[in-house]
Structures are given as structure tokens and as C-alpha cells.
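User: I'd like to learn how to read a model like this one. Can you walk me through a few features?

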Amino acid sequence: MDLQILDNADHLARAAAEHFLRRSNEAVAQRGWFTVALSGGSTPKRLYQLLAEQFRDQIPWSGIHFYWSDERHVSPRHPESNYRMTNEAMLSRVPVSPANVHRVFTENPAADAARDYEDTIVKQMGGNPRLDLILLGLGADGHTASIFPGSEVLRETKRLVAAPWVEKLKTHRITMTLALLNNGASVVFLVSGAEKAQIVKEVLEGPEKYPAQAVKPVNGELLWLLDQEAAGNLTTMALRRKL
Ligand code: 6PG
């Protein structure tokens, strides 16, 4: 596991953009395409804007297949839609191939949307799909993607995509499961802000009890990108061990 601490949120987004640039260019040069699962929430928005703006001309957009590590069960035009956020921040502003943008069809019942999403992933990538890059965030409760504490998805070993009911949010979510996340070639957590300092410390230094701690790529890279604020509660011992 690699841990990098950046001075601030902008440097964090830049470090993530450089990782995306390296990985996407390597993959497209080697085999002509690159697959990435985008994360939602607020943290990665700056990354997506950077990729569309300052990194625009260095990314092999037409060779990239875009997926989402999770999605809210709302219309793709809804303010809370991860697809809408990434489309506005990046996809609508760069020359992607529309056929390579694989959004979750959240207009359908959650279970149908999850099953169809899994079918799309398997159709595109085969029965043991290994995404080149998976971006993840960390919730203050230790959730990642839409795998929340206590979720039955934590025990899912077969399905690649699930549609759990999230009681605290009173809604279904559609999420990649640990079986899919832990098959990723490069899994990157992007965490920013003082409000995440405590959960970052508990996840990186404490006993295993949060969904984010179940993300352990089987034969892939696990990279934590933090800004100083989010890393504020880490002990030196942890930093020495991780870095
Ligand atoms: C979502 C995300 C979720 C997010 C964390 C952190 O759909 O909201 O996938 O897992 O990454 O909740 O969210 P913030 O970046 O907004 O803090």
C-alpha cells in the first residue's frame, strides 16, 4: 500500500490527475484502451475539472472506457447523480467516445440497474473484469463506493455490482462490490479535508471494522492520496510504516 500526502486539495487533485495520465497513456499505448471507474461525491470533482482543463491535451480520451464505482438511485440529471457531476466537470468537455461511457441506468429499478450494469461490465471486460484504475472516496463513517458499515454487500463474494438499501440515507444505491473493487489493477483513495482526519486515522491505523478497510486489491496497487488536513491525525509511526 502506498500513501502520499499532498499540501492541499489542489495538489491532491493534481497528483491524482498525474496518476490518471500515466496509467491511461500506458494502457492505451500497450493495448489501445483503458478502463476507469470514477468515484462520486465532492472530492474528485476538482480532479475531473483538472483533467478536462489543464490535462486535456495529454489524455487519450477516445481510448478510455468510463465506469462508475457507485451511483445514487436518481435520474442522471438529478443534482445528486454522480454521472451528472462527472459529465458536467469532465465528460461533456472532452472528446470521449460516447459508446465508451458506461453509466448506470438509474432510471430503472435499483436491482435491474445493478444487474444490467454487471452485464455491461462482463460483456465489455469478460467474466473476471480487472479495471485498470478504480477511484474511491472515503465517507466520515468509513464507507467507500456505496458500501456502508453493516451492509450486506460486505459479504457479497459473487456479484460484481449490487443494489443495497442504505437505511441511513433511506434509499437504494448501486455499487461495485468488493469482488470487483479488489480485482482492480490500481485502486486509489482520494481523501481531502480536516473533517476526514479522524476516519482516515481509524482506517489506516486502527482495527479492521470499516468497509474502506476491506478494499485490498488482490494483485493490484492500493494508493491513498491525502491532503495535509485529511492526514492530520496520522501518527508518525503510521506514516513511517506506510511511506
Ligand atoms: C458517493 C461516493 C462516496 C464518496 C464518499 C466521500 O456516491 O457519494 O461514491 O463513496 O466517495 O461519500 O464523499 P465526499 O467526497 O463528498 O466527501
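**Reading strands, a helix and a ligand site**

Analyst: Happy to. Keep in mind that this is a predicted model.

User: Let's start with the strands. Which strands pair with β8, and in what sense?

Analyst: Strands count as paired if there are at least two bridges between them. Here, β4 (residues 70-72) pairs with β8 (residues 171-176) in the antiparallel sense, over three bridges. One partner pair to look up is R72 with R173 in β8. Strand β6 (residues 161-162) is also antiparallel to β8, with two bridges, and V161 sits opposite M176. Then there's β7 (residues 165-166), joined to β8 by two bridges and again antiparallel; there, V166 faces T171.

User: What lies between β7 and β8?

Analyst: Four residues, in a hairpin. Check K170 there: its phi is positive, near 55°.

User: Now a helix. Which residues of α6 are buried?

Analyst: Buried means under 20% relative accessible area. In α6 (residues 197-205), that gives A197, I199, V200, V203 and L204. They lie on the same side of α6, because they cover an arc of only 165° around the axis.

User: And the ligand: which residues are closest?

Analyst: The ligand has 15 residues around it, and the closest are T43, D70, R72, A145 and K196. For polar contacts, look for N or O atoms within 3.5 Å. A ligand oxygen lies 2.6 Å from a side-chain N or O atom of D70. For the side chain of R72, the distance from a ligand oxygen to an N or O atom is 2.7 Å. With A145, a polar backbone atom is 2.7 Å from a ligand oxygen.

User: How much of the ligand does the protein bury?

Analyst: Taken alone, the ligand exposes 420 Å², and the protein buries 87% of that.

Key:
Residues are numbered from 1 along each chain as its sequence is written. This is a predicted model: local features need pLDDT of at least 70, side-chain atom pairs count only at pLDDT 80 or more; totals for chains, interfaces and linings use all residues. Side-chain values use heavy atoms; hydrogens and water are left out. Buried means under 20% relative accessible area, exposed over 50%, partly exposed in between (1.4 Å probe, protein chains only). The arc is that of the directions from the helix axis to the C-beta atoms. A residue is near a molecule or strand if one of its heavy atoms lies within 4 Å of it. A polar contact is a pair of N or O atoms within 3.5 Å; within protein, one must be able to donate a hydrogen and the other to accept it, and residues adjacent in sequence count only if both atoms are side-chain atoms. Accessible areas come from the Shrake-Rupley method with a 1.4 Å probe; for residues, only the protein chains shown count as cover.
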